[in-house]
Each structure stands twice: as structure tokens, then as C-alpha cells.
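Biologist: Could you take me through some of the side-chain pairs and helix contacts here? Please keep to plain sentences.

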Amino acid sequence: MTEPPEASAEAAQPTPGERTGSAGAPGSDGPTGSTGPTGSTGRTGSRSVTGRATAAGVIVSALLILAIVLGSRLLENFDSALLPYAVATVFLAFGVAYRYTVWVSAPGARRLFKQGWRSFFSVANFRKAPTALPRMIATYLGFQKFLGARSHARWAAHQLIFWGCVLAALITFPLTWGWFTFTSGSGSGPGYEMRIWGFKIIGFDSLDFLGWLMFHGLDIAAVLVIPGASYFLWRRMRDRGAITGQRFAYDLVPLIALIVISVTGLLLTFSSLFLHGGGYEFLAVLHMVSVVFTLIYIPFGKFFHIVQRPAAVGMQLFKYTARQDEEVFACRRCEEPIDTGPYVENLRGTMRDLSLGFDEWAEYCPRCKRVLRGSAYLSQVKKGYK
């Protein structure tokens, strides 16, 4: 790696601690109406975001309630025993919409969100790389290959949790909302019909393999989730790096909740098959409480990354298509590639939106940033000590 002459390097680099003339820099007007963190504009902006988030939550919740009523044929197919689950999903919808609106209101997330959707709907991107989006959805969302680079064990455990939760959601939510129904002409089987929104989809025998899969899908999901969640719980009990930064409510509670839901669900099946229903009512209540708690917890805890992750696919597509055009930005000091030019400019724009005043540092690689900070310390700070 070759470095440019010191004179040109010094001329190119920003002075540490100096503002670069971007938004909020001395001598500029800065953001219109900005009064600082404690000013009236900041409070008004916070109230505005809260208002928008609340409105979004109410609208999404109302739409879900309407979908439940219509999808269950005016509640004809709605099971009143599942009412607590349905209410929890309405709270889940409100929380997700509220939190997502607050999240995308932040400058960095807003830029990521806009760039992602712009790349998603770009005809030019589709012409350049027509298979890029489906491949990223499969590898980034479905199989999460980026986790495999960290640890194969963590990737495998995360896959077990992911596919177990996906299977459970695909079964639980439609059943809870009355969209799926299983009916038998004889009242007790073994022949059943699966109906969606009242329309027959498939008929099956509960005693054959397909019937077994239909009635034990949630048990399969639980068998997938338990080893995955147990591995992460074990790791957080043993790994020093994980122990140092973990928080009980944020890191451990989600894993415990998944294990409790899965174990109580399996115990319900065990009770009905081998104990003639012994302890079923207690287990049903415990299972219901754990599921309802987890659904309400999702928007405000670690599980929220489930909702955030799809937005990152658009940003990955944005970076990928820029690389196709060979728009790679090189470090201003060592000339090593940093990232795509549009991505670096997007980062600079975010820093300007936040009025950080040192957005030119985005044009340096991490190593050069450390070197420049060290040089600034030696030349401007340490020289003052005798």
C-alpha cells in the first residue's frame, strides 16, 4: 500500500475538530429554525413524530381489525377462545407501525429507507441486475449468509429460530384471525377440509402423513426453535464478550420467551395425547400468557430487528448496483477502496442532516481515521503537557 506525499495528504485531510462548512458549521445559517436539543423546535419536532407514529399505529390497527372481521366472514369463523391472541396481534400491529414510523423519522434511517425503495423500484437497476433482488432476499433475509461469516454455529441456531418462527407465524396468525378453518363433515374426522376465508382449499385425512403435518405444524416449529434459542441462551451464559454487553430485558427475555412458548406448546400436545388432557387448562393459560407477552414485546425489544431487516435489503441492492458501475470510492489518504461512491455520499448526507459538521471524515478508511486522530492528539493535545 502506497501513501501520497505528506504535503498532499495534509492538504487533502480535514483538520481534526474543524467543521467542514456543512450544515450547522460556524458562519453558516445551519438548519432552519434549529434551536438545539432543548429548544422549542426540538420539542415540536418530537411531538410531531409522536403524533405521526400514533396515527400510523391507529390506522394499521384499524385495518387489521377490519381484515379480521372480513376474513372471518363477519366473525362467523372466528374462535372466541382465541380472542386474547387476536387482541395481542392488534397491539402488535399498533406497536410495529408506531415504532417503525419513529425509526424512519430519524435522518439516517430515513435516508436508508428512501434509497432502499428507490433502488427497489428502479428500472435501471432491474435491467443491470435482474436477479439481484431475489438473490438478496434469499441470501440476506432467508438464509442470512452474513451470519455464517461470524460463526457457523450461530448461523445454524439463527436459522432454526428463524424458520421455526416463520412456520409458527404462518399457522398461528391466520388461525387466530379466523382466516383458516378446519372442518369435518362427521364432526370428529378423520376426514377434514382446510378452508381459507371460507373457501375450500384442500381435503385431507387426519390419520395420514399430510394430516399429521397439518395438525402438528406448531409442534414442528417448537422443535426447531428450542435448540436454536437454547444455544443462544447458553452462549450468553458462557461467552465473555456476550456477557459484557448483554442486558436481561433486551437480550435474555426474548430467548426465554421463545423457549417457554415452545415448551408449553409441546406440553399441550403431550397432555392431550398421553395424559388424557391432564393439566391441559393450566398449560393452555401459561402458553397463552407467554404468547401474548411476546407479541406485545416484539415492537419494543430486540425482536424489532425482524421488522427492520427487510429495509436493509434495499440498501444492499443500492450498494450492489453501484458496484456494478464500478463506482468505488477510494480513501483520500491511502487510496484504498472504502465503499461505493453513492454509499459514501449517502453517509455524508446523513451526517449533514444531523449537523455533525465533520462529514468529510466519511472519505477516509477506518485505519486512516485512527492514524489521523492519533496524529491530532500528538500534535494538538499532548504537546501541551510538560
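Biologist: Which residue forms a salt bridge with Arg 236?

Modeller: Asp 251 does, with the closest N and O atoms 3.5 Å apart. A salt bridge here is a side-chain nitrogen of Lys or Arg within 4 Å of a carboxyl oxygen of Asp or Glu. This is a predicted model, in which local features need pLDDT of at least 70 and side-chain atom pairs count only at pLDDT 80 or more, while totals for chains, interfaces and linings use all residues. Residues are numbered from 1 along each chain as its sequence is written, and side-chain values use heavy atoms, with hydrogens and water left out.

Biologist: Where do Arg 236 and Asp 251 lie?

Modeller: Arg 236 is in helix 10 (residues 217–238) and Asp 251 is in helix 12 (residues 248–274), 15 residues apart. Helices (H or I, at least four residues) and strands (E, at least two) are DSSP runs, numbered from the N terminus.

Biologist: Is Asp 251 buried or exposed?

Modeller: Asp 251 is buried, at 7% relative accessible area, and Arg 236 also counts as buried, at 15%. Buried means under 20% relative accessible area, exposed over 50%, and partly exposed in between (1.4 Å probe, protein chains only).

Biologist: How many salt bridges are there by this rule?

Modeller: The count is six. Glu 363 takes part in a salt bridge with Arg 348, at 2.3 Å from N to O. Glu 363 sits in the loop between helix 15 and helix 16 and Arg 348 in helix 15, so this pair joins parts 15 residues apart in sequence. Glu 363 also meets Arg 332 in a salt bridge, at 3.0 Å from N to O. Arg 332 belongs to the loop between strand 4 (328–330) and strand 5 (337–340), so its pairing with Glu 363 ties together parts 31 residues apart in sequence.

Biologist: And how accessible is Arg 332?

Modeller: Arg 332 counts as partly exposed, at 26% relative accessibility, whereas Glu 363 is buried at 10% and Arg 348 is buried at 14%.

Biologist: Changing topic: at what angle do helix 3 and helix 8 pack?

Modeller: Helix 3 (residues 83–105) and helix 8 (residues 152–177) pack at about 110°, with their axes 9 Å apart. That makes the two helices roughly perpendicular, a class that covers 65 to 115 degrees. Axes are lines fitted to C-alpha atoms, for helices over the stretch in contact, and angles run from 0 to 180 degrees between N-to-C directions.

Biologist: Which residues of helix 3 meet helix 8?

Modeller: Tyr 85, Ala 86, Thr 89 and Leu 92 meet Phe 173, Thr 176 and Trp 177 of helix 8, contact meaning heavy atoms within 4.5 Å.

Definitions and conventions. Parallel < 35°, antiparallel > 145°, perpendicular 65-115°, else oblique.
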